[in-house]
Amino acid sequence: MTTANRHQRPESAAPSPAPQRSDFASDFLWGCATSSYQIEGAGREDGRVESIWDRFAATPGRVKDGSNGLVACDHYHRWPEDFDIAQDIGLNAYRFSIAWPRIYTGEHGQPNQKGLDFYSRLVDGMLERGLQPWATLYHWDLPQTLQDAGGWENRATIDAFVDFADAMTRTLGDRVKHWITHNEPWCTAIIGNYEGWHAPGNTSLKTALQVAHNVLVSHGKATPVIRANVPDAQVGMAVSLHPLRAASGSPEDQAAMERHDGLRYRWFLDPLFGRGYPQATLDLIGDAAPDVVAGDMEAIAVKTDFMGVNYYFPEVVADAPDHAPFRARVLPTTQGEITAMGWPVAPEGLSELLTRIENDYHPGPMYVTENGSAFDDTVDANGEVDDVQRRQYLMRHLASLKDAIDNGVPVKGYFAWSLLDNFEWAEGYLKRFGLVHIDYETQQRRLKNSGKWYRAFLRQE
Ligand code: FCB
């Protein structure tokens, strides 16, 4: 079977009925996901040092509304209220990330006790409310001093990450069993260092591919350390992937999609599952290939306990002869339902993607570690946020998830992105993904109608 066939879907798939909680296993995890820089604020408190996102956001033109994460949702102080809302929705799991700059004090220094204490309190707050903690170690907020020394391109960052993983799992391992080493290595590497519209803003393919490699190695080296510190640890990674469609049936567009797939999907998954880097992509990139040290590929292929998949939308790829070396271009979406991000709404893509991963790699248990949508929400005169489109999005993606499970894909949990509206990276506060609306002037929280729908779904009302 060719990749093109694997990507194809029947055009007229019948709409799935509204899902019920009882359609899923009784021990299925129902969560929301967040990340430290996007919600915490308290940017200069309790010893937190500068991160690459502080530096990037302070650079004019990088973030659309000129904002930053210094205050964000003030979750650092308001987390009890946020977790009360999560409990009220009926979640039984919560995915958060740990801000390395709260812990890091310099090369191989002692971790910052105040940072450790904060996450300890946070985890206790989750457990008190019946939220199973899912900790992500790296969701993009690299300490700036590590970037100044070369960032992820420098192998010293691998060692620093393993130290960080060690400190966090020693501190939280008695209570946190689920550990995600990295969120979306694609974004860290390619968006941050090749496309350049995320921190640190580099635009070199060679740098980006070395970063990708070192990030994967750091995952491989941290995993046994986490396991050594955490009895019954479950360790995995969260990858962002898209089902792909060729822009047309032409052989040129099909071939472009294959080339794009080589970088977007195989470059990251093949090595994680012990297959090394895909040869066709190595042939395309030539000198931009990363330096690989003996033992790296074995480290990267460490067996994990689960795979986290972040799904937002399918990508349409066209031949682009002038876009060396991949000669492929992702087309903007111009028709059909689209979100405020300009992303197409395509629920069937979720089950398609999960099914492809299962067929290609059999990764074991899978979790949807992010899925969600931004729309231009408004608070009405009654103080309600009637976000019909987000409610539909959530419902339809859960129906698609059920399809995947019915087809035999072992998905064990779902984390909606996101609990709160938050700092959406280069978009600043212009894009709202939350089930909870944030008024950034007053920090008032309001459960949107999508959040109320999720609550009714979880309560089986
Ligand atoms: C993902 C990121 C997450 C958020 C969503 C919308 O790529 O992991 O932090 O920005 O997109």
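Let's start with two helices, H4 and H6. They are roughly parallel to each other, because the angle between them is about 10° and angles under 35 degrees count as roughly parallel. Keep in mind that this is a predicted model. H4 covers residues 75-89, and H6 covers residues 113-128. Their axes lie 10 Å apart.

Which residues make the contact between H4 and H6? From H4, we have His75, Tyr76, Trp79 and Phe83. From H6, we have Phe118, Arg121, Leu122, Gly125 and Met126. By class, that contact holds 6 nonpolar residues, 2 polar and 1 charged.

Next, the ligand. Which residues surround the ligand? Here is the list, in sequence order. Gln38, His139 and Trp140 are in the shell, together with Asn183 and Glu184. Then come Tyr312 and Glu370. Trp417, Glu424, Trp425 and Phe433 complete the set. By class, the shell has 5 nonpolar, 3 polar and 3 charged residues.

Now some distances. Asparagine 183 has a polar side-chain atom 2.9 Å from an oxygen atom of the ligand. For glutamate 370, a polar side-chain atom sits 3.0 Å from a ligand oxygen. Tryptophan 425 also takes part: an N or O atom of its side chain is 2.9 Å from an oxygen atom of the ligand. How much of the ligand's accessible area does the protein cover? On its own, the ligand has 290 Å² of accessible area, and the protein covers 94% of that.

Where is serine 418? Look at the loop between strand S11, residues 411-417, and strand S12, residues 436-439.

There is a cis peptide bond between alanine 199 and proline 200 as well. Omega is about 5° for that bond. Proline 200 is placed in the loop between helix H9, residues 185-195, and helix H10, residues 205-229.

Conventions: Residues are numbered from 1 along each chain as its sequence is written. This is a predicted model: local features need pLDDT of at least 70, side-chain atom pairs count only at pLDDT 80 or more; totals for chains, interfaces and linings use all residues. Side-chain values use heavy atoms; hydrogens and water are left out. Axes are lines fitted to C-alpha atoms, for helices over the stretch in contact, and angles run from 0 to 180 degrees between N-to-C directions. Helices (H or I, at least four residues) and strands (E, at least two) are DSSP runs, numbered from the N terminus. Angles under 35 degrees count as roughly parallel, over 145 as roughly antiparallel, 65 to 115 as roughly perpendicular and the rest as oblique. Contact means heavy atoms within 4.5 Å. Ala, Val, Leu, Ile, Met, Phe, Trp, Tyr, Cys and Pro count as nonpolar, Asp, Glu, Lys and Arg as charged, and the others, Gly among them, as polar. A residue is near a molecule or strand if one of its heavy atoms lies within 4 Å of it. A polar contact is a pair of N or O atoms within 3.5 Å; within protein, one must be able to donate a hydrogen and the other to accept it, and residues adjacent in sequence count only if both atoms are side-chain atoms. Accessible areas come from the Shrake-Rupley method with a 1.4 Å probe; for residues, only the protein chains shown count as cover.
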